[in-house]
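This briefing concerns a pocket and a strand that contributes to its lining. Please consult the structure below alongside the notes.

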Amino acid sequence: MSTIFGKIIRREIPADIVYEDDEVLAFKDINPVAPVHILVIPKREIVSIGTMEPTDAAVVGRCLAVCRQVAEDAGLSDFRVVTNSGAGAGQSVFHLHFHVVGGRGLSWPPG
Ligand code: 5GP
């Protein structure tokens, strides 16, 4: 299933890319909810954490390492990493992505 993020991976639509390697891409969210809001995605089309296979674990781990890297590159010491799994949890793009959010105070629990 192709999504808008598949189009970003294939460079069919533009994005403000901040990190890329052979398996992972990170780019700025088009509708940021905080001064820093970066999306980190696997290039492989995994839908969500809720549908990932055990064989996806390595690339998901790489995504988390990239979350840490882009947060550091953005100058963040404190930040939040969020992934919404399923429409009822707020997922709107069905290609796995981790939101890296920071640069302001963040309350808990989320809505
Ligand atoms: P979700 O709601 O699935 O957890 O998050 C999807 C995120 O993708 C949203 O924060 C939304 O702003 C972002 N987004 C949707 N379409 C685009 C796009 O075309 N470009 C970028 N950079 N972000 C997008």
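A residue is called buried under 20% relative accessible area, exposed over 50% and partly exposed in between, with a 1.4 Å probe and protein chains only. The model is predicted: local features need pLDDT of at least 70, side-chain atom pairs count only at pLDDT 80 or more, and totals for chains, interfaces and linings use all residues. Residues are numbered from 1 along each chain as its sequence is written, and side-chain values use heavy atoms, leaving out hydrogens and water.

**Strand β3**
- Strands are DSSP runs of E with at least two residues, helices are runs of H or I with at least four, and both are numbered from the N terminus.
- Seven of the seven residues of β3 are buried, and the strand is mostly covered.
- V36, I38, V40 and P42 point one way from β3, while H37, L39 and I41 point the other way.

**Pairing** (at least two DSSP bridges between two strands)
- β2 and β3 run antiparallel and are joined by five bridges; L25 stands opposite I41 in β3.
- β3 and β5 also run antiparallel, joined by five bridges; V40 stands opposite F98 in β5.

**Largest pocket**
- A pocket is an open set of points on a 1 Å grid over the protein atoms alone, where a 1.4 Å probe fits, with protein on both sides within 12 Å along at least five of seven lines; lining residues have an atom within 4 Å of a point.
- The largest pocket has a volume of about 740 Å³, the volume being the space filled by probe spheres set on the points.
- Of its 33 lining residues, D29, N31, H37, L39 and H99 are the closest to its centre.
- Elements giving two or more residues to this lining include β2 (24–28), β3 (36–42) and β5 (98–102).
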